[in-house]
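Subject: Structure handover

Hello,

Here is the structure for your files. My notes on it follow below.

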Amino acid sequence: MLSLDRRRAFGPWFFIAIAAYIALYFNDVSYIFMDEQGDALATFAMAGSMGMVTYIMPLFAALPFSTAFCADWNSGFAHHAAMRSGNGRYLLSKALACFFSGGLATALGTAVFIGMLNLKFPQSGDILANYVTVDPFTHVLNLGAPKGLLLYYGGVVAMQFLAGGCWAMMALAFSAFCPNVLLTLCIPLAAYRLSLELYYWFEPPYWLNLPLLQDCMVELSYRDTLLAGLGVFGGLSLIMGVLFAARAGRRLRYG
C-alpha cells in the first residue's frame, strides 16, 4: 500500500505544486530578478515578507496528496484497499505519503528558488552584514559565507518542510470528515487565516504564531526557532494524523 501511495503522492501534482510555488516566488520579486545587479539574500527576504508566497503556501502543500482519501472514498476504492492491506496500514500509508509529499513540495520549491537566486546574483558582504541584525534567527549569518549562508538557507528549507507537511495533514484530517476535494484543498488556507485570528485573540507566546514561525520570524535563536518548528508543526501534524485515523477508520469500519 505504501508503495502505491508513494507513486501517487510524488506524481504530476507534486511537480505542479513545486513549479507553481517557484513561479509565485518569482512573481513576487520579478522586478528585481530582471535587473543585472541584485543580492540573493535580500531578494529572498523580500519574496518571503512582501509577497503572496507565505499566504498561499498551505495550498501548494495540500496539492500533491491531501485529497487522496477523498478520491479513494468517493470512488469506492478505500474499502477494497483497506481490506487488502488492513485499516491501520492503509491509514498510516495515507498519512505518511501526505506529510512527506506536502513538506517536500514546499521545501524543494524554496530550495530551487534559493539556488536560482544565488546563481543569478552574487552575495554582497555589506548586505550580509546588515541582514544579520534583522532577527535572532539570522544571527547564524555571522558565520559568514558559505557556512552561515548554508545554515540559514538550510534552516529556512527545513521549516518549509515541517510547515508544508503540517498544512497538508490538516487538509487530510478534514477530508476524513468531509471527503470533498475542493473543500479539502481550501481548508489549509482557512486554517492559516484562523491561526492568525486565534493568535490575536488569545495572545499566546510569539513562537505559536504559525505564519511567522513558518517564515522563521519569531524572534528566537536559530536553534530555538527550529526546535519550535519541530515541536509545533510536528505536534500539530501528529494530532491531525490521529484525527484522520480515528475518523477515516470509523468510516471504513461502518461505511
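**Notes on the model**

Glu203 sits in the loop that joins helix 11 and helix 12 (210-214); helices are DSSP runs of H or I with at least four residues, numbered from the N terminus. This is a predicted model, in which local features need pLDDT of at least 70 and side-chain atom pairs pLDDT 80 or more, while totals for chains, interfaces and linings use all residues. Residues are numbered from 1 along each chain as its sequence is written, and side-chain values use heavy atoms, without hydrogens and water.

Most residues other than glycine have a negative phi. Glu203 has a positive phi, near 50 degrees, and is exposed at 66% relative accessibility (exposed is over 50%, buried under 20%, with a 1.4 Å probe and protein chains only). Cys216 also has a positive phi, about 60 degrees. Cys216 lies in the loop between helix 12 and helix 13 (222-254) and is buried, with a relative accessible area of 4%.

The second largest pocket holds about 180 Å³ of space. A pocket here is an open set of points on a 1 Å grid over the protein atoms alone, where a 1.4 Å probe fits, with protein on both sides within 12 Å along at least five of seven lines; lining residues have an atom within 4 Å of a point. Its lining includes Arg8, Trp13, Phe65 and Leu185. Helix 2 (12-28), helix 6 (68-75) and helix 11 (181-202) each give two or more residues to that lining.

Among the buried residues of helix 2 are Phe14, Tyr21 and Asp28.

Regards

Terms used: Points joined across faces, edges and corners; volume = space filled by probe spheres on them.
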